[in-house]
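Please take a look at the structure below.

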Amino acid sequence: MLFLPTTSLADQPVQNESLNSLRINGFLSQGYVKTDQNNFFGKSDGKGSLDFRELGLAASLRPTEKLQLSGQLLWRRAGEGSRRGISIDFGFLDYSFVTRPAGELGIRLGRTKNPLGFYNDTRDVPFTRPSIILPQSIYFDRTRNLALASDGAQLYGESRTDWGNLTAQFGTVFPQVHDRDTEVSILGANRPGDLKTRLSYVGRVVYELPNGRFRFAVSGAQVNAGYDPGADDRLASGSLKFTPLILSAQYNAERWSITSEYALRMFQLQNFGIRAFEQKFTGESIYLQGTYRLTPKWEAMLRYDLLFTDRTDRNGKEYAATTGRPAHFRFARDVTIGLRWNVTPSIMLATEYHHINGTAWLSNLDNPDIAHAKQHWNLFSFQASYRF
């Protein structure tokens, strides 16, 4: 797959300089979220919520030329669904079989980030997100832990040539399915039993022109999980199979960028012993995002984000007729405008406004009375971030 010339002697001093050096960096952020209906990241309806803050501490060590250890601890509050205290966001051993100017080939073992779309790998750091809240049609915050990282092995390789750079990653992993928000999002409520992780697969291929003007990516996963019933549980030992496929494209000019991602999400629940939990459907998502760099420090963003829970029932009418629940549970259309100020390389202030039609990506934990959620609502957010 890779065509790698031999390493030149001139490269060796540069490589040796980084050996045995411990690197520590981190970030912290405080957000404010205000909505006029519904709740997001805490009780945001009314006076607003300050229940959105993140603190991350990352470290890496390269004891040999081919071996690197990396990890990050995270303390995060983002509403009722994220109250776990300090957790290991990722932590892995990275061994490079081949590292040359024309490419590399290696393996990562441990808790690795899932290579999905353009932003999943970097969504944990505020400075690397294009907005305070990522497009929820693809980067759901209510299932953030499930999406962000998994435990297992990941092979990676990169080829760098005059015609472009090609990067490939493939992992056999066990996804994180134990948090409350993920369970409620999948099973509709806190159940007596527990979701159990099963062997799953994830991968991505990215092609980028040498000048970075165009980027394209195809990524996907097959997420497998089972259910272990608790005492007096109405559910049997069922299983979940979730198969997202994401196509990504980006164009970068000197002062502006256009990004779009399209996703299909195949979702199947079976053997739970209740008809309502025997489900098989395909969801669909797409967003189009433009960013314009007004000055080196100021950046504006405009985005249209569209989510259908079931692509065969885009307006939710069939769902409403079958369940008696509101049709707007099954779609969300989000228009977002945002502004970002990089005060210094270490300090960032950002704000954004969302006008939303639909409730498909709302968290049930932040909205316990979800049956009375409002279809049309607005969201304002502000975030201050610092990194070191």
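Strands β3 and β4 and helix α2 (144–148) each supply at least two residues of the lining of the largest cavity. The model is a predicted one. It holds four cavities of 30 Å³ or more.

**The largest cavity**

- The largest cavity has a volume of about 230 Å³.
- Its lining counts 22 residues, and the closest to the centre are Arg76, Ala78, Gly81, Ser82 and Asp141.
- Which element gives the most to this lining? Strand β3 does, with three residues.
- By class, the lining of the largest cavity has nine charged, eight polar and five nonpolar residues.

**The second largest cavity**

- The second largest cavity holds about 110 Å³ of space.
- There are 16 residues in its lining. Pro130, Ser131, Ile132, Arg340 and Ala350 lie nearest its centre.
- Strands β14 (298–308), β15 (331–342) and β16 (347–358) each supply at least two lining residues here.
- Of the elements, β16 gives the most, with four residues.
- The lining of the second largest cavity has eight nonpolar, four polar and four charged residues.

**The second largest pocket**

- The second largest pocket has a volume of about 920 Å³.
- It is lined by 36 residues, and the closest to its centre are Phe92, Arg108, Lys113, Asp121 and Thr122.
- Which strands each supply at least two residues of this lining? They are β1 (22–35), β2 (49–61), β3 (67–78), β4 (86–100), β5 (103–113), β6 (149–161), β7 (164–175) and β9 (200–208).

- Most residues other than glycine have a negative phi.
- Asp232 has a positive phi, near 55 degrees, and is not a glycine.
- Where does Asp232 lie? Asp232 sits in the loop between β10 (214–228) and β11 (239–252).
- Is Asp232 buried or exposed? Asp232 is exposed, because its relative accessible area is 79%, and the cut-off for exposed is over 50%.
- Asn271 is not a glycine either, yet its phi is positive, at about 65 degrees.
- Asn271 is found in the loop between β12 (256–270) and β13 (279–293).

Key: Residues are numbered from 1 along each chain as its sequence is written. This is a predicted model: local features need pLDDT of at least 70, side-chain atom pairs count only at pLDDT 80 or more; totals for chains, interfaces and linings use all residues. Side-chain values use heavy atoms; hydrogens and water are left out. Buried means under 20% relative accessible area, exposed over 50%, partly exposed in between (1.4 Å probe, protein chains only). On a 1 Å grid over the protein atoms alone, a cavity is a set of points where a 1.4 Å probe fits but cannot get out, and a pocket is an open set with protein on both sides within 12 Å along at least five of seven lines; lining residues have an atom within 4 Å of a point. Grid points are joined across faces, edges and corners, and a volume is the space filled by probe spheres set on the points. Ala, Val, Leu, Ile, Met, Phe, Trp, Tyr, Cys and Pro count as nonpolar, Asp, Glu, Lys and Arg as charged, and the others, Gly among them, as polar.
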